[in-house]
Amino acid sequence: MRVAAFNGSPRTEGNTEILLREATRPIELTGHEVVRFDLNAMDIKPCQDCGGCEGTGICVYQDDMSLVSDAIRRCDRFILASPVFFFALSAQTKAMIDRCQAFWCEKYLLKRALPDGPEGRKGLLILVGGMKKEIGTQCGEATAKAFFRTISVPKHETVSFLGVDSKGAICTHETALQDVYLAGQRLISTGQDSR
Ligand SMILES: Cc1cc2nc3c(=O)[nH]c(=O)nc-3n(C[C@H](O)[C@H](O)[C@H](O)COP(=O)(O)O)c2cc1C
């Protein structure tokens, strides 16, 4: 399988990055390909709503989003990892998602959904927020669902952690690292235990 893993945090060695690394560990250990995108370091212009993709499904802007779009076509497993910022996904994550408007046009206007591939397409959403407020993950969950469905990922699992604020604090969480490791295993599993 080929896995595209998106790190939406600007904080190097922060909680999101640690969780994403742990989720991809079982995937790499079993020989699957992981292509990771550190969105904060990428040149991805926010969607300009120019309508340029409506008739083609292709964005008129040529920047690092081309790398992401190629991976979205090539991969069959997707991990979206983001910190909760103002009860939502980080701006870095959202900018990448908005540029998937081109995939939305391809799927819903041009009626050309991305093909399933032999093992189907599946997603994993990882969220981490500093506050202990459930509402913190609701907006991110809704946006991520729209993202996954737009890139023809019909189902995804969400693993979220609240009350984790300082850099690296996720390492002291009792179950988090194991939780995402197991979620990574489930993502590539094709057996009955795969959610
Ligand atoms: C701009 C900004 C906005 C934030 N907004 C929220 C929020 O609305 N809810 C929340 O639970 N945590 C919020 N936080 C805290 C982060 O989610 C938390 O520190 C998280 O662990 C950061 O993950 P990271 O280490 O991967 O960057 C915010 C942090 C920043 C910098």
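**Exercise 1. Which residues of H5 are buried?**

Solution. The model is a predicted one, in which local features need pLDDT of at least 70 and side-chain atom pairs count only at pLDDT 80 or more, while totals for chains, interfaces and linings use all residues. Residues are numbered from 1 along each chain as its sequence is written, and side-chain values use heavy atoms, with hydrogens and water left out.

Step 1: helices (H or I, at least four residues) and strands (E, at least two) are DSSP runs, numbered from the N terminus. Helix H5 covers residues 135-150, and its 16 residues should span 22 Å at 1.5 Å a residue, which agrees with the 24 Å between its end C-alpha atoms; the expected span is 1.5 Å times one less than the number of residues.

Step 2: with buried meaning under 20% relative accessible area, exposed over 50% and partly exposed in between (1.4 Å probe, protein chains only), the buried residues of H5 are Gly136, Thr137, Gly140, Thr143, Ala144, Phe147, Phe148 and Thr150. They lie on the same side of H5, because they cover an arc of only 160° around the axis, the arc being that of the directions from the helix axis to the C-beta atoms.

Step 3: after H5 comes Ser152, whose phi is positive, near 60°.

**Exercise 2. Identify the residues that touch the most other members of the largest nonpolar core.**

Solution. Step 1: a nonpolar core is a set of buried Ala, Val, Leu, Ile, Met, Phe, Trp, Tyr and Cys residues joined through side-chain atoms within 4.5 Å. The largest such core has 26 residues, of which Phe6, Ile72, Met96 and Phe147 touch the most other members.

Step 2: at least two residues of this core come from each of strand S1 (2-7), helix H2 (65-74), strand S3 (77-83), helix H3 (91-98), strand S4 (122-128) and H5, and H2 gives the largest share, 4 residues.

Step 3: Met96, when residues up to four places away in sequence are not counted, touches Phe6, Leu39, Ile44, Met65, Val68, Leu80 and Phe147, a contact being heavy atoms within 4.5 Å.

Step 4: another core, of 21 residues, lies apart from the largest one, and Ala23, Val128, Phe161 and Ile170 are among them.

**Exercise 3. Describe the surroundings of the ligand.**

Solution. Step 1: the ligand is surrounded by 16 residues (a heavy atom within 4 Å), and the closest are Ser9, Thr16, Val84, Val164 and Asp165.

Step 2: a polar contact is a pair of N or O atoms within 3.5 Å; within protein, one must be able to donate a hydrogen and the other to accept it, and residues adjacent in sequence count only if both atoms are side-chain atoms. A polar backbone atom of Val84 is 2.7 Å from an oxygen atom of the ligand; a backbone N or O atom of Gly130 lies 3.0 Å from a ligand nitrogen atom, and one of Met131 lies 2.8 Å from a ligand oxygen atom.

**Exercise 4. Is Asp63 buried or exposed, and what does its side chain contact?**

Solution. Step 1: Asp63, in the loop between strand S2 (33-38) and H2, counts as buried because its relative accessibility is 13%.

Step 2: the side chain of Asp63 makes a polar contact with the side chain of Arg99 at 2.9 Å, and a polar atom of the Asp63 side chain lies 2.9 Å from the backbone nitrogen of Lys45.
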